[in-house]
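Start with the model itself.

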Amino acid sequence: MLINNINYRTVWMQDTSVYMINQQLLPFKFEIFQSKNYVETANAIKTMVVRGAPAIGASGAYGLAQGALAYEENNFDDFKRYVNDAYKVLNSARPTANDLSYALNFVKSKMFVNWSISNSKMRAFELAREYADWSVEVCRKIGEYGNKLIKNNQNILTHCNAGALACVDFGTALSPIRIAHYNRKKIFVYVDETRPRNQGAYLTAWELAQEKINHAIIADNAAGFFMKSKKIDLVVVGADRIAMNGDVANKIGTYEKAVVAKENNIPFYVAAPLSTFDINSKTGDYIPIEERSEEEILYISGIDENKKIKKVRIAPEESTAKNPAFDVTPAKYISGIITEKGVIRPVMEEIEKFVLSKYQNEE
Ligand code: MRU
């Protein structure tokens with residue numbers, strides 16, 4: 001993505017450090033965060049310096065390479081155990097995004113070569129880079145397929161941030177929007193603010209502004225109003241994990257947007273790579289939902305008149321809060337899932353055909 005005329009990825013690795021655009025600070029400050037080891041990378045995922053399913057996946061892959069590169073002894077079995085420990089720390093950083101374990105498994109399953117520690121270290125680094133490059137290409141393809149669903153003069157609603165910042169580049173839900181814009185389609189994007197962490201207001205709006213794509217931020221509670229008053233032609237969101245029956249876990253609030261879209265006959269699309277499908281989740285009931293700190297509800301951050309980022313409390317001192325980070329949208333509300341292989345209907349037979357053939361091709 002182009003930021004101040006420089007092309008950035010959300011996450012990359014150089015020598016033994018992983019670099020990330022620091023998403024805790026946007027849109028107020030653009031800063032690169034340097035993580036020097038796999039523990040710092042796991043922590044950056046946990047604290048959402050980097051967030052969004054594909055970006056978490058690529059960060060995990062680089063983190064595992066960091067773990068391998070840090071091993072200093074000379075015993076191959078011990079090296080494997082060391083890498084396995086790093087795998088566990090990284091894999092437990094956040095529970096809902098399937099791409100994290102998918103990316104970690106991609107690196108771990110192929111990195112051990114010829115009982116050679118130095119070759120395996122090198123291979124881990126190459127695999128992590130390969131994974132990130134592959135992820136960029138997948139998101140570009142999602143954009144190409146999704147663009148075909150967008151007509152000139154359409155108004156599109158999106159929830160949370162499923163843009164380049166949530167991926168290595170391009171985005172999932174924002175990739176079709178980007179490509180429609182590059183194709184000179186006239187579009188307007190309604191951006192749900194996405195409380196509690198405001199990924200819509202902070203990140204999606206920032207990305208759209210960088211690309212000069214027309215948009216307006218709306219309060220989360222306003223989406224129904226705009227849908228009912230025929231201001232929205234299409235909804236596109238991302239996904240953190242998709243069950244084999246087509247139920248989709250995405251940022252909290254997605255479910256109610258899908259229900260209201262159906263009520264108003266508005267197509268509701270999910271954009272996600274095939275790596276987001278979880279072959280172990282038969283339905284959405286099996287998807288682990290992350291519970292985050294109540295602080296995210298009780299406080300909000302912004303910038304003051306001296307351009308200082310400030311966090312302020314917005315609820316009574318006595319109040320507590322509950323903060324599930326994701327919800328599950330049942331497949332019946334979803335018009336289609338835009339993947340790198342085309343648009344899939346959210347039904348078991350079709351999902352199995354695409355997802356299982358992906359795994360077979362990788363063997
Ligand atoms: O908690 P976050 O910010 O990691 O949640 C992100 C989302 O819910 C995105 O919509 C999802 O990861 C898809 S990202 C391309």
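## Domain interface and ligand site

The rule finds two salt bridges across the interface of domain 1 and domain 2; a salt bridge here is a side-chain nitrogen of Lys or Arg within 4 Å of a carboxyl oxygen of Asp or Glu. This is a predicted model: local features need pLDDT of at least 70, side-chain atom pairs count only at pLDDT 80 or more, and totals for chains, interfaces and linings use all residues. Residues are numbered from 1 along each chain as its sequence is written, and side-chain values use heavy atoms, with hydrogens and water left out.

**Domains**
- Domain 1 spans 2–140 and domain 2 spans 144–362, with bounds from an automatic or database domain assignment.
- Their C-alpha centres are 24 Å apart.

**Interface size**
- In domain 1, 38 residues are in contact with 43 residues of domain 2; contact means heavy atoms within 4.5 Å.
- The two domains bury about 3500 Å² between them, 58% of it on carbon and sulfur atoms. Buried area is the accessible area (1.4 Å probe) that two parts lose on being put together, summed over both.
- Phe 28, Thr 96 and Arg 140 supply 20% of the area that domain 1 buries against domain 2, more than any other three residues.

- The rule finds 20 residue pairs in polar contact across the interface of domain 1 and domain 2, both residues at pLDDT 80 or more. A polar contact is a pair of N or O atoms within 3.5 Å; within protein, one must be able to donate a hydrogen and the other to accept it, and residues adjacent in sequence count only if both atoms are side-chain atoms.
- By class, the side of domain 1 that touches domain 2 has 24 nonpolar, eight polar and six charged residues. Ala, Val, Leu, Ile, Met, Phe, Trp, Tyr, Cys and Pro count as nonpolar, Asp, Glu, Lys and Arg as charged, and the others, Gly among them, as polar.

**Salt bridges**
- The count by this rule comes to 17 salt bridges.
- Arg 94 and Glu 290 join their side chains in a salt bridge (2.8 Å, N to O).
- Glu 144 pairs with Arg 140 in a salt bridge, with the closest N and O atoms 3.3 Å apart.

**Ligand**
- The ligand is surrounded by 19 residues, and the closest are Arg 51, Arg 94, Gln 199, Asn 250 and Lys 251. A residue is near if one of its heavy atoms lies within 4 Å.
- A side-chain N or O atom of Asn 250 is 2.7 Å from a ligand oxygen atom.
- For the side chain of Gln 199, the corresponding distance is 2.8 Å.
- Gly 52 uses a backbone N or O atom, 3.0 Å from an oxygen atom of the ligand.
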